[in-house]
Amino acid sequence: MPTVIGREKLISRASRAETPHTMFATLATELRRAVPYDAAVWRATDPETGMITSPILAENIEDHSCAVYWQYELFTEKINLFRDLAQAPVPVASLWESTGGEPSRSSLYRGFLAPRGVHDELRAVLRVDGRPHGYVSLFRAEGGAAFSTGERRFIEGLVKPMARKLRSYAKQRPEPIADGLIGTGLLLFDAGGALISANDDARRYLEEMPEGPTSVTALGIRIPLWVHGTAMRARAIAEEHERDTARIRMRSRTGRWLVCHASCLREADGRLGVSAVIIERAPISEVTPLIVQAYELSERELEVTQWVARGLSTGRISEELHLSPHTVRDHIKAIFEKLGVSSRGELVGKLFTEYHEPLAPGSTGRR
């Protein structure tokens, strides 16, 4: 039976990991002792859209299967959807428990899990401050017991601390590079999700992607699951006529911030056509919110920071926010402490400059 002490040790070890991928690997090694499982997928997510992003760690699952699994999640599954769990009071659930011991009610179980000999799946959304930072899927093979209530509760205790750790990795600065990509990558996927075209910039961006599940295409290009998932999400949005966006921020192998967004086009008769995926450098406006969350600034501290970045004095900020100058000074002091800076200039530089892609000394980059 997993224990609270065991969970605290697991959290302590995983929290020392230097990268998200290493954190997932550490969690996998340690968790398997407390909550045995036969296969798993660990995914980082964009906290604004809840879509999968890099990195992803798959255990005992073929790369192409990860994409098939995600198709069920986006198009047919109705039980324990990650986007529903992200908003649920308890963001952890097992398939066996949720279906009352009748997993065949799940399209994912019928079409994907059962044919692969999977008996039960336990899902968790790593969530903090109402935002999802990771999705976890644990699988047990036939012949073993379903996940128990005690095991589910053990996982619940990991949700917040592990989400906080995932969030903190946004503070890591990208490596200086000798050649900075600045073009726009374009990928086109057909109605079946197959890649049919890609420009040269897209190929270069894909070469910079970290390790993770990929799909091999007819063009000889490997497409990471998080990029393919963006295309699939765009099609799902179009099919359901949702007012939503298929957009993720992700990091390359060197830590540079990229943004990937997709849209599903329609033919002249209204039918859905190709999905267009764009990959490009993330502007600082896309990166700053992640950095702010990583430093755990409150909403009020964020407001103060934004006014400081615009060069307003303490008096002007107090007028804009209807706060006393003393309160504004207290907020600025707390912000300085969280970010480890001692001046307004350092603050602005840390949030709005440091995380923009740096070039190696003596390099100008491609412009």
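In which strand is the place of H261? Keep in mind as you look that this is a predicted model. H261 sits in strand β11, which covers residues 257-266.

Strand β11 has a partner: β10 and β11 pair in the antiparallel sense over six bridges. In general, strands of a sheet pair through backbone hydrogen bonds, and the pairing may be parallel or antiparallel. Here β10 and β11 make a hairpin with five residues between them. In the turn you can find G255, which has a positive phi of about 90 degrees. Within the pairing, the residue that stands opposite H261 is R247. Strand β10 is mostly covered, as five of its six residues are buried.

Now look at what surrounds H261. Leaving out residues up to four places away in sequence, H261 touches T230, A246, R247, A276, V277, I278 and E280. With E280 there is also a polar contact of 3.1 Å between the two side chains.

R233 and D244 form a salt bridge, with their closest N and O atoms 2.9 Å apart. R233 belongs to helix α9 (residues 225-240), while D244 is in the loop between α9 and β10 (246-251), so this pair ties together parts that are eleven residues apart in sequence. D244, at 43%, is partly exposed.

Why might such pairs form? Side chains of opposite charge can pair when their charged atoms come close. The count of salt bridges in this model comes to 22. Another of them joins the side chains of R204 and D201, at 2.5 Å from N to O. Both residues lie in helix α8 (residues 200-207), three residues apart, which is about one turn of the helix. R204 is partly exposed, with a relative accessible area of 31%, whereas D201 counts as buried at 18%.

E320 counts as partly exposed at 34% relative accessibility, and R316 counts as partly exposed at 39%. Salt bridges can also link up into a network, as they do for D129, R164, R167 and E296.

Let's turn to a sheet. Five strands form an open sheet in the order β2-β1-β5-β4-β3, with antiparallel pairing. At its edges stand β2 (52-59) and β3 (92-94); each has a single partner strand, so one side of each is left without a neighbour in the sheet. From one strand to the next, the twist averages 10 degrees. Inside this order, β4 (residues 118-128) and β5 (residues 131-141) run antiparallel and are joined by ten bridges. Here E121 stands opposite F139 in β5.

Our last stop is helix α3 (residues 63-75). At 1.5 Å a residue, its 13 residues should span 18 Å, and the end C-alpha atoms are 19 Å apart, which agrees. Which residues of α3 are buried? They are S65, C66, A67, Y69, W70, E73 and L74.

Methods: Residues are numbered from 1 along each chain as its sequence is written. This is a predicted model: local features need pLDDT of at least 70, side-chain atom pairs count only at pLDDT 80 or more; totals for chains, interfaces and linings use all residues. Side-chain values use heavy atoms; hydrogens and water are left out. Helices (H or I, at least four residues) and strands (E, at least two) are DSSP runs, numbered from the N terminus. A polar contact is a pair of N or O atoms within 3.5 Å; within protein, one must be able to donate a hydrogen and the other to accept it, and residues adjacent in sequence count only if both atoms are side-chain atoms. Contact means heavy atoms within 4.5 Å. The expected span of a helix is 1.5 Å times one less than its number of residues. Buried means under 20% relative accessible area, exposed over 50%, partly exposed in between (1.4 Å probe, protein chains only). A salt bridge is a side-chain nitrogen of Lys or Arg within 4 Å of a carboxyl oxygen of Asp or Glu. Two strands pair if DSSP finds at least two bridges between them. Axes are lines fitted to C-alpha atoms, for helices over the stretch in contact, and angles run from 0 to 180 degrees between N-to-C directions.
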